[in-house]
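Q: I would like to go through this structure with you, one topic at a time. Could we begin with the helix packing and then move on?
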Amino acid sequence: MSSQVRSGKLFVKKQKRKNGRVYLSVVEGYRDEAGRTKTRHVRSLGYLDELEKAYDDPVAHFKAEVAAENEAARAKAAPITVTLHPLQRIDKRTVSQIDMGAAVPSAYFHRDLGIWGFFERKRTARGFSYDPCRILELLCWNRISDPGSKSAAFASKARFPRKCDFALDDAYRCLDYFAVNADALVRHMNTALETSRGPRNRTRLYYDVTNYYFEMDGEDERGLRKKGVSKEHRPEAIVQMGLLLDADGVPLDYELFPGNQNDMATMLPMMKKAGLRDSSNPEGERVVVVADKGLNTSANIAACTLDGNGFVLSQSVRRATKRLKAWVLDGAGYAESEPGRFKVKSRIADKAIYITGPDGKRERVMVPVKEVAFWSRDFFERARHERAKVIEKSKAAIARGDMSAAVARSSARYAKDAPVVRETGEKASHNWILDEERIAADAAMDGYCCIITSEQEWDEREIIEAYRGLSRIEDSFRVLKSTMEARPVYVWTGPHIRAHFLVCYVALTIMRLMQADVERATGSRPSAQAVADALSSMTGHRLDTNVYHFDYRTDLTDALCDVVGIDLSRQVMTKSQMSKVMSVVKKPRS
């Protein structure tokens, strides 16, 4: 680490070299921690005799140049005087804050994803005067820092450090434009990422699907807003979102489906949309799709197999065939890598899948797979804890006598009906009791997991690591729903719904890139919420017409700024300095 702590003036240094020629350079004087005066090289100028061919007096010329630099440096570091009048009232019409934290995601928006270039190429054909790139940038910043409705984002535009010269109606009209161009923009982002950061790792892709509810009730008869099985057990209409991540956990593509569409039927359309290898694209790159047990279906396995792709799928032990369940629960063959904490075994087997032939008949086909079973103490404790809560709910529901509603919610699945025939011969009445047999059967499977895969040459550890990578997509959904508050969805038309999720997708991609870069630079990965909180706290408060005061700085804000090459560590910044920062983050990485 350098001991230079106090910079000084620049000056021109003349040095006589061994060849007898005089060499000119610019150096800076400074004092080290011990207070000793030293110099450091700033830049080379060249040999004096060569420079005399271009300048009448090279020494005088460069001394004047350095003197101007010293004067500019002094002016830049000079104290700023602000006059505050104690009786002056707050102007209610003027926004006195500016969100300079927006500069960091803006760097990814422009440099890494190349979004400005995408819209710029379409400028002559779009037929309106407002800037869709600026609207999308504002909406993405709002989704990261202070998620809310589109009108709320518009209301905060005065705090955004770029000029937002558009009306609220323009922002809503632009949603239709975003919907039309959403797929093309995602493809452009993927290409731009490969150009700016290198090839994406697509050898292992993670896929899952979740749903989001709407602020308004009611369904859209022919659109996306439909009543379906809500993962949050809500009665409102929902929309399904399938999300595909690359092997590094960075979003690769997404697709929206009606709320009443079964999760199992979403994977094949998503793979086709993402341009993965299939029968129509046999030369495409082979990938291994990793997904949860809800997507472990005959159709999905058959498609992966026929298209020459691979799969790693979770397999429910409770719903497994008797043969597979017996093998998983049989203690024979397990190897303990962590005594009392973890054990694993595997085998090569055939999995029966059912496909529909050209004649419409279902046909049973055996697909060779590798089955991996493991037991984890952590999973065991988690399952036991969750079951204890369900048992208590079942007991409470039995005691209250409201079993119909409880069973419908599956919150009391350990209650069973043991009817008692009345002596009068009337119809049997209900007698709800705790299902001890089911509790014991479930307890026997606590901690056990099973994975099936086409990758028979992979070892057990590699397969389990691929399966555990699903936590990245689960975390992505948590970020979208919590940090970015993608639901409730406030818009209701089909194009506006598609535009809303495009904004969420772009914001999520930027968030993942920020997290990855900070982890690469510091060795520690911050949470999405920590990044959002840090950026939204980097707010400047106006002291004077041209001067803003900043009072928030942490190790995380330093790291976020460092990775994009900007400095937001100063307490005071002028409008011109802030404008320069916003200009810098639009330029390609050096």
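Q: How are helix 3 and helix 8 oriented to each other, roughly parallel or roughly perpendicular?
A: This is a predicted model. In the model, helix 3 (residues 103–112) packs on helix 8 (residues 168–197) at an angle of about 95°, and their axes are 9 Å apart. Helix 3 and helix 8 therefore count as roughly perpendicular, a class that covers 65 to 115 degrees.

Q: Which residues meet where helix 3 and helix 8 pack?
A: Helix 3 brings Tyr 108, Arg 111 and Asp 112, while helix 8 brings Ala 192, Leu 193, Ser 196 and Arg 197. By class, this contact holds 3 nonpolar, 1 polar and 3 charged residues.

Q: And what about helix 6 and helix 18: at what angle do their axes cross?
A: The axes of helix 6 and helix 18 (residues 528–536) cross at roughly 115° and come within 8 Å. This pair is therefore also described as roughly perpendicular.

Q: Which residues make that contact?
A: Trp 141, Ile 144 and Ser 145 come from helix 6, and Ala 532, Leu 535 and Ser 536 come from helix 18. The contact of helix 6 with helix 18 has 4 nonpolar and 2 polar residues, with no charged ones.

Q: Staying with helix 6, is Glu 137 buried or exposed?
A: Glu 137, which is found in helix 6 (residues 132–145), counts as buried because its relative accessibility is 5%, and the limit is under 20%.

Q: What does the Glu 137 side chain make a polar contact with?
A: Its partner is the side chain of Arg 162, at 3.1 Å. Leaving out residues up to four places away in sequence, Glu 137 touches Ser 106, Phe 109, His 110 and Phe 160 as well as Arg 162.

Q: Changing topic, how many disulfides are there?
A: The count comes to 0 disulfides. Cys 449 is in none, and its nearest cysteine sulfur, that of Cys 450, is 8.8 Å away. Cys 450 is likewise in no disulfide, with the sulfur of Cys 449 as its nearest, 8.8 Å away.

Q: Are Cys 449 and Cys 450 buried or exposed?
A: Cys 449 counts as buried, at 13% relative accessibility. Cys 450 also counts as buried, at 2%.

Q: Now helix 10: which of its residues are buried?
A: In helix 10 (residues 298–306), the buried residues are Asn 300, Ile 301, Ala 302, Ala 303 and Cys 304.

Q: Which residue has a positive phi although it is not a glycine?
A: His 233 is one of them, with a phi of about 55°. His 233 is placed in the loop between strand 5 (204–213) and strand 6 (238–245), and is exposed, with a relative accessible area of 71%. Glu 485 also has a positive phi, of about 45°, and is not a glycine. Glu 485 is partly exposed, with a relative accessible area of 41%.

Q: Where does Glu 485 lie?
A: Glu 485 lies in the loop between helix 16 and helix 17. Pro 488 is also in the loop between helix 16 (470–483) and helix 17 (494–522). A cis peptide bond, with omega about 5°, joins Arg 487 to Pro 488.

Technical notes. Residues are numbered from 1 along each chain as its sequence is written. This is a predicted model: local features need pLDDT of at least 70, side-chain atom pairs count only at pLDDT 80 or more; totals for chains, interfaces and linings use all residues. Side-chain values use heavy atoms; hydrogens and water are left out. Axes are lines fitted to C-alpha atoms, for helices over the stretch in contact, and angles run from 0 to 180 degrees between N-to-C directions. Helices (H or I, at least four residues) and strands (E, at least two) are DSSP runs, numbered from the N terminus. Angles under 35 degrees count as roughly parallel, over 145 as roughly antiparallel, 65 to 115 as roughly perpendicular and the rest as oblique. Contact means heavy atoms within 4.5 Å. Ala, Val, Leu, Ile, Met, Phe, Trp, Tyr, Cys and Pro count as nonpolar, Asp, Glu, Lys and Arg as charged, and the others, Gly among them, as polar. A disulfide is a pair of cysteine sulfur atoms within 2.5 Å. Buried means under 20% relative accessible area, exposed over 50%, partly exposed in between (1.4 Å probe, protein chains only). A polar contact is a pair of N or O atoms within 3.5 Å; within protein, one must be able to donate a hydrogen and the other to accept it, and residues adjacent in sequence count only if both atoms are side-chain atoms.
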